[in-house]
Amino acid sequence: ATPMSIMTATGRGAQLGVLIKNAEALERFAKVDTLIVDKTGTLTEGKPKLVAVLPESGHDETEVLRLAGTLEKGSEHPLAEAIVTGAEARNVTLGKADDFEAITGKGVKGVVDGKPVALGNAKMLEELGLDGGHLVDVANTRRDEGETVMFVVLDGTVAGLVSVADPVKETTPAALRALHKLGFRIIMATGDNERTAKAVAAKLGIDEIRADVLPEDKARIISELQSQGKKVAMAGDGVNDAPALAQADVGIAMGTGADVAIESAGFTLVKGNLDGIVRARKLSVATMRNIK
Ligand code: ADP
Ligand code: MG
């Protein structure tokens, strides 16, 4: 593309809330056929809310929420914020955890009142050699509603579960319809559970899901698609998404997301919603057409 057409597109993009890093991003995006989207914070609001606390028999709700909230004070994950805020809203007094440890893609661990406590997903339970016991059915029912379920483990046994909901952004369904019309194949990649991922994807008509992925898996999924000849764009918001944004032919960051995501991306969507991708594609195609 000529410097002039790139400058025009960059200016127009800025007016439309699409920040274009360089000419390469604009040129490459016209050729992209596959769009990978992160779930949390990209398709959804990214501000999960605590919606349920269910104790296992022999435990009570306040105890389960106190353990969960006490541990999560040490984490900066959006799920942690949902739990801490939810506990405070229910007037549960949180304590202090010792030996806090975050385990990527699984959850958190620590010691509360001298006892080992863990909180996390099925992978966390697996790591501890446990299963969800009586709570598995109710966990699955909630996942089928699109909620994210986390188990609370006290001293080697499941004490209960907490569940959070993260609503889909108002702008997401229409943006995905428009992106489909533009011919993209849309794949959702998430660290969340497969059932939860399916429930969210089904509502949105997403073509394919990759669930239970660890942050490093997102970049690997992209390089696999690239080796099959696909031209891949990735949209994400999190610190965890940065390697995938860098690996993609075009990285697209949510302006509302982490700085490192924005630094790794060719496009930044100022408002943090997917409408911007539709605009970016149109700009990209128009620019490439003008210079031919
Ligand atoms: P993503 O941002 O793609 O949804 P993450 O890798 O951040 O994925 O998290 C994946 C999963 O790991 C979460 O859905 C949750 O089950 C578990 N997890 C991660 N961090 C925490 C945490 N602080 N507390 C509880 N669970 C967590
Ligand atoms: Mg995210």
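In the predicted model, the centres of domain 1 and domain 2, taken over C-alpha atoms, are separated by 31 Å. The domain assignment of the protein places residues 3–45 + 168–290 in domain 1 and residues 49–165 in domain 2. Contact between the two involves ten residues of domain 1 and twelve residues of domain 2. On the side of domain 1 that touches domain 2, helix H9 (residues 194–204) gives the most, with four residues. Classified by residue type, this side of domain 1 comprises four nonpolar, four polar and two charged residues.

Ligand 1 is surrounded by 24 residues, of which Ser75, His77, Gly107, Asn121 and Gly191 are the closest. Both domains take part in the shell around ligand 1, since at least three residues are drawn from each of domain 1 and domain 2. Several secondary-structure elements supply at least two residues of the shell each, namely helix H3 (39–43), helix H5 (78–89), strand E5 (107–112), strand E6 and strand E7. In terms of class, the shell around ligand 1 contains seven nonpolar, twelve polar and five charged residues.

Strand E7, one of the elements that contribute to the shell around ligand 1, spans residues 148–154; seven of its seven residues are buried, and E7 is therefore largely enclosed by the rest of the structure. The burial extends to both faces of E7. On one side lie Thr148, Met150, Val152 and Leu154, and on the other Val149, Phe151 and Val153, all of them buried. E7 pairs in the antiparallel sense with strand E6 (residues 115–120) over four bridges, and with strand E8 (residues 157–165), also in the antiparallel sense, over seven bridges. Val153 of E7 illustrates both pairings: Val153 is the bridge partner of Ala118, and Val153 also stands opposite Val158 in E8. The hairpin of E7 and E8 has two residues between the strands, and in this hairpin Asp155 takes a positive phi near 50 degrees.

A corresponding description applies to strand E11. Five of the five residues of E11 (residues 232–236) are buried, so that this strand, too, is largely enclosed by the rest of the structure. Both faces of E11 are covered, with Val232, Met234 and Gly236 buried on one side and Ala233 and Ala235 buried on the other. The pairings of E11 are parallel: four bridges join E11 to strand E2 (residues 34–38), the two running parallel, and E11 pairs with strand E12 (residues 250–254) in the parallel sense over four bridges. Met234 takes part in both of these pairings, as the bridge partner of Ile36 and as that of Gly251 in E12.

Helix H13 (residues 275–290) consists of 16 residues. From its first C-alpha to its last, H13 reaches 23 Å, which is close to the 22 Å expected at 1.5 Å a residue. The buried residues of H13 are Gly276, Ile277, Val278, Ala280, Arg281, Leu283, Ser284 and Thr287.

Notes:
Residues are numbered from 1 along each chain as its sequence is written. Chains are lettered from A and ligands numbered from 1 in the order in which they are written. This is a predicted model: local features need pLDDT of at least 70, side-chain atom pairs count only at pLDDT 80 or more; totals for chains, interfaces and linings use all residues. A residue is buried if 20 or more other C-beta atoms lie within 10 Å of its own, exposed if 12 or fewer, and partly exposed in between; C-beta atoms are placed from the backbone. Two strands pair if DSSP finds at least two bridges between them. Domain bounds come from an automatic or database domain assignment. Two residues are in contact if their C-beta atoms, placed from the backbone, lie within 7 Å. Ala, Val, Leu, Ile, Met, Phe, Trp, Tyr, Cys and Pro count as nonpolar, Asp, Glu, Lys and Arg as charged, and the others, Gly among them, as polar. The expected span of a helix is 1.5 Å times one less than its number of residues. A residue is near a molecule or strand if its C-beta atom, placed from the backbone, lies within 6 Å of it.
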